[in-house]
Amino acid sequence: MKVIKIDKTKWAEGLNKLRSDYQLIGPVKKDKYHDFQMLGKDQLPDVELLNTRMSPKSVVFPQSEVMLEYSLDETKEDHHIIKEVEKDASPRAVFGIRPCDAKALMLVKLNFDTSDYKDPYWIKAFEASTFIGMACDDPASTCFCTSTGCGPYNEEGLDVLMIDVGDHYLAKGITEKGEKLLKTAGWEDTSDDASLIESKKGEAEAKITSKVATENLKDKAILDLYEAPFWEDTAFSCLNCGTCTYVCPTCWCFDIQDETHGKKGIRMRNWDSCMFPLFTLHTTGHNPRETQIHRVRQRFMHKLKYFTDKYEKGIMCVGCGRCVRLCPVNIDIRTVCDKMNNYAASS
Amino acid sequence: MLEYINKIKEISTKLLEEKKVDMIVGFRKGSLPMMNEPCFAKNTEDIQSFVWDSNCGINLANYLTNRKEKIGIVAKGCDSRNIVTHIIENKINRDQLTIIGVPCKGMIDRKMISDMFDSEITEVTENNGKITVKGNGFDKTLEKTEVLQENCAICIHRNPVIYDELVAKEVEEQKDVDRYEDVRNIEAMSPEDKWKTFDDLLKTCIRCYACRNACPLCYCPTCFVDEAKPQWVGKSQDPTDTRTFHFLRAFHCAGRCTDCGACVRACPMGINVRAFTKKLEKDCFELFNWEAGLSIEERPPLDTFKPGDPDEFIK
C-alpha cells in the first residue's frame, strides 16, 4: 500500500473535508485527562498525546449502551413488545488510536464476532469505523507492547497508520477503508519515504524496555497454575475495584439490565467486572468466586492462560500499561505474568 | 520518616519469632514511582521487603476486616483511627491485634506531583523533607510539605491514637489548622452552584468503586449499589445513579470517616471524593464535637443516644 505525506499545515484542512462524510472521534481533554470523544465542529484531535486514560474500546463498546426499548402503556398498540433501538451506523473516523489499542480491538472481536454468535451492536459500530492509528515513538516506562505480540508500529486493527515526522505525517493506508479516507481528506501526495518508516519502527521498538515473558504459559497445566501458592500474596492487596477491567482495552464483559421509568423501559448493557462479587453471584445465593483470591486469580488466569489456550493468539493483553498505572494498590500484571510463566509446580 | 523502616522490621521480626502474631500487615515497594503495595509477612524473610516512606497512603485498616488471625499491623495516625473504628464496629478484636504505631508527617500526593511535569516521572526519592523527582529531561527537588496529599496537609492526628509499639518519638501535631475551608466554600454556594459543583466533580466517574473499596468503612457484605433484590440504584453511567452512589456512601460514612484520603488516592479518574465525606465530618464535629476513631471507649454519635440531646424530635 502507498504512503502519503501529510504536511501538518494541511492537517486541519483535511480533517474538515472529512467532517461531511464522517463523524470524527479522537483524543481530547475532558476535565483533567484525555479521552476518546466525538469531536466538535472545529475541534482537532490531540493525536500526539501519549495515550488516553480510558481506552478507545468504548468507541465500539460503550460503557452503557441501550440495546432494546419497550412500552408498558397499554393504550399503545405495541405495548409490552421489545423493540430494537435505532443506532447511528454512519461512518466514523477514529483518529489518534495507538497500535496497542487497535490490536486490542482485534482481540475483543474474537468475542463479539464469532462464527456461532455475532453481536450486532459491536459489529455495526466496528464496521462503521475507520481507525487511523498513530505510531508510538516515545513510549512510557509501563508500555510493554513488544512482548504481547504487538508493537509501537503494529498495524493490526488499523486502517491507516500515521507516523509523526516533525513537520509532516506519513500515512500508510492499510485497508481500502483507510485509503478511501485518505482520498476523501484530499491527502494524496505520495511519499518515497517508506524506508524511513522501517528505521523509525526499529528505533521505537528499541525504546520499549519493559518486557514480560509469556513463552511457557501455554505449556503449563491449568490446575498447576490455578493451585499455585503465589495467589495469596498476589491477591492480598487487591481492593476488588473495577479499575483494571474498566481501563483495559481488551476486557469485554458486560451485564444486561432493564430499566423502567414510568411506562417506558429500556434494556441496556453496561460494562461489568470479574473483580466484583456480584459478577458470579447465582440466583441461589451461591457464589463460585466468593473470595477476593478467587476473583484476582480469575482475572489473571483468563487474560494469561485460558485465553492463550483457547484462541492461540497469545495473551489477552496488549501491553498498554493502563492497569499498571491506575491500579490503586499497584498490582502489576507484568509481575504476575512473570510469576505464572516461571512457575514450577512442586510434584 | 525513612529511618522508621528498620524499627518496623525489628518489631515485626520479634513479633513473628515470638509467635505473638500470625502475620504482619505492612507495605512493600511498588513497581512505579510513588507507589507502595500493601502486603503481609508470615515469616521473617518476607519482612525484608517491607518499606516505609511517603508513599504509604493506602489505609491498612482496610485489610483487617473480619480476619481471624492474630495480626501485627503497621499504622500511621489515620490507620490507627480506622482500627479504633473497626474495633468499635466489631470488625476485628483488639486482642487479635498488635499495633505498630508510626508517627506520620504526611503522604505525598502522586497525582499532584505527576501533573507538575509534562513527561513521565521515572524516579522519586526523599530525604530530610525534600522530594526529588526525576524524569526525561527534568530533575527537580520539592519541599515535601508543599506536595502533601490535601488530607495530610490539614491532618491534626498524625500520631497513632492506639498502639502497642511505637517506632519513633511522637511527631508534633499541627496546630491552628483550618480543616474545613473547602467545605465552607461549598456551603456558601447557592443550591444551583452546589449542584453544578457536584456534577462537575462526578462527571468523569466510571463507577469502578475504587473509592468505596479502598475505604475501611465500606465493609458492608453487600453494598446498596450491588443489591439486586430489590435493586436500589441503576448500574449505567446515568448521572443520577452515579450521584446517588456517592452521596449515599458519604452519608453512610458520617461520624466514621477519619479523612484518611484513601478514596481520593485510589480514584483512577482523579475525583476529589473527599468533597462529600468532609461535609459530614464537619457536621459531626460541629453538632456533636465528635472526631471519629479517637477512643475505643466511646460510641460514635450516630449509633448512640444521650438524654441531653439538643434536638427535640428525638426525645
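Predicted model: local features only at pLDDT ≥ 70, side-chain atom pairs only at ≥ 80, totals over all residues.
Reader: Staying with β2(B), in what order do the strands of its sheet run?

Author: The order is β2-β1-β3-β4-β8 in chain B, an open sheet of five strands with mixed pairing. The edge strands are β2 and β8 (165-166) of chain B, and each pairs on one side only.

Reader: How many bridges hold β1 to β2(B)?

Author: Strand β1 (residues 23-29) of chain B and β2(B) are paired over six bridges, in the antiparallel sense. Within this pairing, B:Gly26 has B:Cys39 of β2(B) as its bridge partner.

Reader: Which helix packs on that sheet?

Author: Helix α3 (residues 77-88) of chain B packs on the sheet and touches β3 (71-75) and β4 (97-101) of chain B. The direction of α3 makes about 160° with that of β4(B).

Reader: Turning to the sheet of three strands, what is its order?

Author: This open sheet of chain B has the order β5-β6-β7, and the pairing is antiparallel. Its edge strands, β5 (121-127) and β7 (138-143) of chain B, each pair on one side only. From one strand to the next, the twist averages 20°.

Reader: What joins β6 to β7(B)?

Author: Six bridges join strand β6 (residues 130-135) of chain B to β7(B), and the two strands run antiparallel. B:Ile131, for instance, has B:Leu142 in β7(B) as its bridge partner.

Reader: Now the helices: at what angle do α7 and α9 of chain B pack?

Author: Helix α7 (residues 191-202) and helix α9 (residues 239-252) of chain B pack at an angle of about 95°, with their axes 11 Å apart. That angle is why α7(B) counts as roughly perpendicular to α9(B).

Reader: Which residues meet there?

Author: From α7(B), B:Phe198, B:Asp199 and B:Leu202 meet B:Pro239, B:Thr242, B:Arg243 and B:His246 of α9(B). The residues of this contact comprise three nonpolar, two polar and two charged.

Reader: How is chain B divided into domains?

Author: Domain 1 of chain B covers 1-106 + 153-177, and domain 2 covers 179-301. The centres of the two domains, taken over C-alpha atoms, are separated by 24 Å. In the contact, 20 residues of domain 1 of chain B meet 17 residues of domain 2 of chain B. On the domain 1 side there are ten nonpolar, seven polar and three charged residues.

Reader: And what are the domains of chain A?

Author: Chain A has domain 1 (3-207) and domain 2 (217-342), whose C-alpha centres lie 25 Å apart. Their contact involves 34 residues of domain 1 of chain A and 28 residues of domain 2 of chain A.

Reader: Which elements of domain 1 of chain A each supply at least two residues there?

Author: These are β4 (64-71) and α2 (99-112) of chain A. By class, the side of domain 1 of chain A that touches domain 2 has 18 nonpolar, ten polar and six charged residues.

Key:
Residues numbered from 1 in each chain as written. Chains lettered and ligands numbered in written order. Domains from an automatic or database assignment. Contact = placed C-beta atoms within 7 Å. Helix = DSSP H or I, 4+ residues; strand = E, 2+ residues; numbered from the N terminus. Nonpolar A, V, L, I, M, F, W, Y, C, P; charged D, E, K, R; others polar. Pairing = 2+ DSSP bridges. Axes fitted to C-alpha atoms, helices over the stretch in contact; angles between N-to-C directions. Parallel < 35°, antiparallel > 145°, perpendicular 65-115°, else oblique.
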